[in-house]
Amino acid sequence: MSSFDDVQTVWMSGELLPWAKANIHVSAHALHYGSGVFEGIRCYETPDGPAVFRLDDHIDRLFASARVHGIDIPFTHGEMAAAVCQTIEANHFSSCYVRPIVFMGSATLSLNPRSCPVEAAVIAFPWPNMLGESAHDRGVRITVSPWRKFSATMMPTTAKACGQYVNSILATRDAADRGYDEALLLDSAGGLAEGAGENLFVVLDGVVQTNDNRASILMGMTRDAVIEIAGDLGYPVETRALSLDDLLVADEAFFTGTAAEVTPIAEVDGRKIGKGRPGEITREIQRAFVKATSSETRRYRKWLHFVDECNFAGAYSAMPWI
């Protein structure tokens, strides 16, 4: 579980504020309609200091999501990246989860938020694994959700927008109510889409397989990294449409995501995947991912943005309460 107990400081629209003062008005458009976009990013502890995983890629996607939803972010790419690093540093975290968010503030409750100011914030907090502390080791029990993943004809599936996560919330609550760790959503055609907050991989006969945006998934940063890692380890990687049968006959399966990292799937609706425990290929990919994020593998240092190398100029104002 995540915890805000250790969070002292939040970045909000150019200022670093104490946690207790980081507030928005109850009439904020985003609070009522979900009119905002966000990213989920991880910072990892390394021998060279805290490092943010794929920071530039995440900030690129934040801006791309904002463009899709007609939100003009009032900060540059560099300022938002620096705000992420400064928030981590201000809280003295060596590893954490980071949530940059850009949203429509208070001016009107009309469905058209054009007159609303665009506000931005960054919070950072400890979050070991979204699916539980033992998920990496034992794998998770999942269920096929009765809720389908929305398609690109309903709302943009490649953008990470606030309101669309009601779809995931419904699926997650249903899974928890029925005693499962996570939900698996099908797409509108009945094929496999993704978890409520993760991308999906299956392994069959040594081949690592995953789907893509044609299955209405959000193209995750961890997914992209795992595709590269699997290839570097010598495993063939196929990207194609996946069916429920592909999952049920798989030797192994796992989720990927910023919050979930690389999490094995042990069973689906009570049916074991493979031997019902994390498989060897999944384990090898997990180990390689840990080495990549801890700066142990030189070829993957390209994914790490070290906090002490950030340029904080213009990203924040002084912290008068310190």
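Cys85 sits at 0% relative accessibility, so it counts as buried (buried is under 20% relative accessible area, exposed is over 50%, and partly exposed lies in between, using a 1.4 Å probe and protein chains only). Keep in mind that this is a predicted model, where local features need pLDDT of at least 70, side-chain atom pairs count only at pLDDT 80 or more, and totals for chains, interfaces and linings use all residues. Residues are numbered from 1 along each chain as its sequence is written, and side-chain values use heavy atoms, with hydrogens and water left out.

So what does Cys85 join to? A disulfide ties Cys85 to Cys310, with 2.0 Å from S to S. That pair links distant parts of the chain: Cys85 belongs to helix α3 (residues 77-90), Cys310 to the segment after β17, and 225 residues separate them. Helices (H or I, at least four residues) and strands (E, at least two) are DSSP runs, numbered from the N terminus. A disulfide, by the way, is a covalent bond between the sulfur atoms of two cysteines; here the test is a pair of cysteine sulfur atoms within 2.5 Å. Searching the whole structure turns up one disulfide.

Now for some other cysteines. Cys116 is in no disulfide either, and its nearest cysteine sulfur, that of Cys162, is 14 Å away.

Here is how buried some of these cysteines are:

| Cysteine | Relative accessible area | Class |
|---|---|---|
| Cys310 | 14% | buried |
| Cys96 | 2% | buried |
| Cys116 | 6% | buried |

Next, the backbone. Most residues other than glycine have a negative phi. Which way does the phi of Ser13 go, positive or negative? Ser13 has a positive phi, near 45°, and is not a glycine. You'll find Ser13 in the loop between β1 (9-12) and β2 (15-18), where it is partly exposed at a relative accessible area of 34%.

Ser295 also isn't a glycine, and its phi is positive at about 70°. Look for Ser295 in the loop between α8 (280-293) and β17 (304-306). Is Ser295 buried or exposed? With a relative accessible area of 13%, Ser295 is buried.

Finally, Ala20 is in the loop between β2 and α1 (29-33), and it is exposed, at 63% relative accessible area. From Ala20 to Ser94 you count 74 residues in sequence and 22 Å in space, C-alpha to C-alpha.
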